[in-house]
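Hello,

Here is the structure I promised to pass on. My notes follow below it.

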Amino acid sequence: MKDDYLIAFDSTQQALRAELLLDYAGIDIDIRPTPKDITAACAMSIAFPAVYLEKALGIISAERVEFEGIYRYCEGKHVRMAFSDDR
């Protein structure tokens, strides 16, 4: 999916937690290996369609899921996205 966002994590525990939360919320997710151009401690990332961005951000924020960053694939590389509540 071209319009995917990708969440990268620093721990497998947080990735699995996010997977459960997002899946339970009905968000169409895809578990993928973390791309090599993203520096993260966890080899697992979660991709989801752009239409779910606000919902996913709300869940991650409300549940205090720790993550390395949210990325979008642009011009051949993954670009970290900045959000108002980004840490």
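Both faces of strand 3 are covered. Met-44, Ile-46 and Phe-48 are buried on one side. Ser-45, Ala-47 and Pro-49 are buried on the other. Buried means under 20% relative accessible area, exposed means over 50%, and partly exposed lies in between (1.4 Å probe, protein chains only). In a regular strand the side chains alternate between the two faces of the sheet. For strand 3 (residues 44-49), 6 of the 6 residues are buried, so the strand is largely enclosed by the rest of the structure. Helices (H or I, at least four residues) and strands (E, at least two) are DSSP runs, numbered from the N terminus.

A word on the source: this is a predicted model, where local features need pLDDT of at least 70, side-chain atom pairs count only at pLDDT 80 or more, and totals for chains, interfaces and linings use all residues. Residues are numbered from 1 along each chain as its sequence is written, and side-chain values use heavy atoms, with hydrogens and water left out.

Now the partners of strand 3. Strand 1 (residues 4-8) runs antiparallel to strand 3, joined by 5 bridges. Strand 2 (residues 30-33) also pairs with strand 3 in the antiparallel sense, over 4 bridges. Pairing here requires at least two DSSP bridges between two strands. Asp-4 stands opposite Pro-49. Asp-30 stands opposite Ala-47.

Next, the charges. The structure holds 3 salt bridges. Each is a side-chain nitrogen of Lys or Arg within 4 Å of a carboxyl oxygen of Asp or Glu.

- Asp-4 with Arg-32: the closest N and O atoms are 2.6 Å apart. Asp-4 lies in strand 1 and Arg-32 in strand 2, so the pair ties together parts that are 28 residues apart in sequence.
- Arg-32 with Asp-30: the closest N and O atoms are 2.9 Å apart.
- Glu-68 with Arg-80: 3.3 Å, N to O. Glu-68 lies in the loop between helix 2 and strand 4 and Arg-80 in strand 5, so this pair ties together parts that are 12 residues apart in sequence.

Asp-4, Asp-30 and Arg-32 are linked in a network. Asp-4 is buried at 7% relative accessibility. Arg-32 is partly exposed at 27%, and Asp-30 is partly exposed at 32%.

Last, two backbone angles. Most residues other than glycine have a negative phi. Arg-64 has a positive phi, near 55°. Arg-64 sits in the loop between helix 2 (53-62) and strand 4 (69-74), and is exposed at 71%. Glu-75 has a positive phi of about 50°. Glu-75 is in the loop between strand 4 and strand 5 (77-80), and is exposed at 78%.

Best wishes
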